[in-house]
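Biologist: I am new to this structure. Please walk me through how to read it.

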Amino acid sequence: NTRGDLKTPGVNSPYRERSIEENKALFEAMRAGEFKDGEKVLRAKIDMASPNMNLRDPVIYRIQRAHHFNTKDAWLIYPMYDFAHPMEDAFESITHSLCSLEFEDHRPLYDWFVEHTDVPDKPRQIEFGKLKIANEVIGKRYIKQLVDEGIVEGWDDPRLITLSGLRKRGIPPKAIHQFVHALGLPKSQGETELEMLYEAVRGVLGEEAPRVHAVLDPIKVTIENYPHDTEELKVPFHKDNETLGERVLPFGKTLYIEREDFIEEKPNKKWKRWALGIEVRLMHAYFVKAERVIKDDQGRITEIIATYDVKTKSGSDFNERKPNGTIHFVEASTAQPIEVRLYEPLLLPDQDKSVDFKDKLNPDSKTVVQGFIEPHLEALTTRSVQFTRLGYFHQDDEAAHVYHRIVPLKSSFKRK
RNA sequence: UGGGCUAUCGCCAAGUGGUUAAGGCAUCGGACUUUGACUCCGACAUCGAAGGUUCGAAUCCUUCUAGCCCAGCCA
């Protein structure tokens with residue numbers, strides 16, 4: 001190697017002082033195919049002693065009998081990136097050519113080419129730091145590993161921060177724009193927390209997403225004093241955005257609620273959900289009181305027997321009592337089964353930067369659960385909805401019964 | 001350690017001699033609530049370190065420290 005190393009200068013090529021005419025002739029010959037691949041190169045004559053390696057008479061053209069996807073086999077010689085970059089920018093009248101930080105050392109060379117060639121424009125290269133997100137796999141070669149090894153399901157796996165992955169997950173483009181815009185184009189080299197993207201997503205979807213009832217971990221509720229089988233409630237899709245319209249929400253004698261919304265004994269006054277002997281409001285419906293539970297052999301609750309109070313119907317101005325909280329439900333006979341995929345960061349929080357990313361893969365980055373969703377949603381014009389009290393979810397392109405969790409709702413509820 | 005670059009709150013990020021050192025995320029209080037959501041109030045830094053210049057410095061100078069990048073006929 002004649003380029004030297006970081007501390008010692010390179011040595012000049014023996015052909016460095018060859019005449020321009022001679023070089024031009026040789027270059028034509030290169031192009032004409034008179035030499036074998038790798039036999040000759042064209043170099044820029046700059047400074048073999050430069051502390052910047054890029055300036056040590058860099059190669060700018062090499063012979064390569066390669067098939068090009070666009071120009072096919074028309075060319076035998078191809079320029080190096082460092083030469084092609086400023087030339088393309090200049091010919092295309094690029095004013096600001098943005099690239100990442102590792103090209104800072106190449107800028108002097110970029111400028112040298114612009115300066116020493118007869119080009120129509122004087123473009124300028126500006127570098128910025130790449131966007132990294134904590135606990136996510138960003139690099140293409142690493143993502144490729146995950147894909148190749150089947151750790152994720154493809155380049156569009158909703159856990160990946162690829163555009164196709166974000167799309168499949170249902171992250172709104174507007175949220176990506178806001179997120180990126182908030183970060184700016186700095187030269188610092190940190191990692192952004194995913195939560196910042198999530199918050200942009202919630203901001204967008206909070207206004208636009210219809211609210212819908214779904215239960216992901218169902219437990220059965222029977223209202224023993226309910227005199228009918230079912231009834232239909234007219235409820236809005238979004239309390240604060242009436243342009244989203246209304247839907248018909250079935251209510252009935254048999255319902256499903258979220259298992260974690262019920263506990264036999266109210267643990268403390270902070271508990272704003274359901275418990276035996278306590279009344280909660282079923283959102284958009286009635287107050288219900290838990291009377292007793294039925295358990296299986298293992299002592300696991302299989303059913304809650306409750307009573308309801310007609311007077312407390314949503315929309316009546318009943319205010320004689322306050323419920324302990326409001327929970328959501330789905331009517332059992334009309335509910336549609338759904339599969340819900342829950343996503344978490346691909347990597348476990350890392351304390352140690354030196355740990356290989358393969359050693360900190362999060363085993364729970366994806367979990368699949370079976371649940372129920374309220375019926376009659378065919379007319380929805382958007383596939384991104386809020387499952388009330390749970391989060392934002394996106395219906396899969398192909399499988400209508402599959403929902404991807406885009407992002408959970410924030411919660412100030414502290415377990416334990 | 002030859003050269004280049006970066007260092008401002010837990011995470012992003014404004015700020016380029018005179019500001020109470022923006023803002024967002026997170027966090028912690030509290031109000032409101034038919035989503036423990038949303039919304040609303042409130043709390044939350046002296047600027048990597050040490051010297052120096054100045055009436056006055058995160059902003060200028062000096063020295064240090066830490067991290068990132070560069071020795072492909074890759075991009």
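Modeller: Seven strands make up an open sheet with mixed pairing, in the order 6-21-22-23-19-20-7. Strand 6 (211-212) and strand 7 (214-215) are at the edges with a single partner strand each, so one side of each has no neighbour in the sheet. Two strands pair if DSSP finds at least two bridges between them. Helices (H or I, at least four residues) and strands (E, at least two) are DSSP runs, numbered from the N terminus.

Biologist: And the ground rules for the numbers?

Modeller: This is a predicted model: local features need pLDDT of at least 70, side-chain atom pairs count only at pLDDT 80 or more, and totals for chains, interfaces and linings use all residues. Residues are numbered from 1 along each chain as its sequence is written, chains are lettered from A and ligands numbered from 1 in the order in which they are written, and side-chain values use heavy atoms, with hydrogens and water left out.

Biologist: What holds the strands of a sheet together?

Modeller: Strands of a sheet pair through backbone hydrogen bonds, either parallel or antiparallel. Here, strand 19 (residues 336-343) and strand 23 (residues 402-408) run parallel, joined by three bridges. Glu339 has Val402 of strand 23 as its bridge partner.

Biologist: Which strands run antiparallel to strand 15?

Modeller: Strand 14 (residues 279-282) does, with three bridges to strand 15 (residues 287-295). Val280 faces Val288 in strand 15. Strand 16 (residues 301-309) also runs antiparallel to strand 15, over eight bridges. There, Val293 has Ile304 as its bridge partner.

Biologist: What do the turns look like?

Modeller: Strands 14 and 15 form a hairpin with four residues between them, and His284 in the turn has a positive phi of about 70°. The hairpin of strands 15 and 16 has five residues between the strands, and Gly299 takes a positive phi near 85°.

Biologist: How does the chain get from strand 4 to strand 5?

Modeller: Strand 4 (residues 96-100) and strand 5 (residues 124-128) pair in the parallel sense over five bridges. The chain passes from strand 4 through helix 3 to strand 5, a right-handed β-α-β crossover. Right-handed means that, with the strands pointing away from the viewer, the path from the first strand over the helix to the second runs clockwise. Ser100 stands opposite Phe128 in strand 5.

Biologist: Now the RNA. Which residues come nearest to RNA strand B?

Modeller: Of the 53 residues around RNA strand B, Lys7, Leu183, Arg211, Ser314 and Gln386 come nearest. Near means that a heavy atom of the residue lies within 4 Å. The surface divides into 15 nonpolar, 17 polar and 21 charged residues. Ala, Val, Leu, Ile, Met, Phe, Trp, Tyr, Cys and Pro count as nonpolar, Asp, Glu, Lys and Arg as charged, and the others, Gly among them, as polar. Helix 7 (194-208) gives the most to this surface, with three residues.

Biologist: Which parts of the RNA face the protein?

Modeller: Of the RNA atoms within 4 Å of the protein, 59% belong to sugar or phosphate and the rest to bases. A backbone N or O atom of Lys270 lies 2.8 Å from a base nitrogen. A side-chain N or O atom of Arg281 is 3.3 Å from a base oxygen. A polar side-chain atom of Ser314 lies 2.5 Å from a base oxygen.

Biologist: How do I find empty space?

Modeller: Rolling a probe the size of a water molecule over the atoms shows where empty space is left.

Terms used. A polar contact is a pair of N or O atoms within 3.5 Å; within protein, one must be able to donate a hydrogen and the other to accept it, and residues adjacent in sequence count only if both atoms are side-chain atoms.
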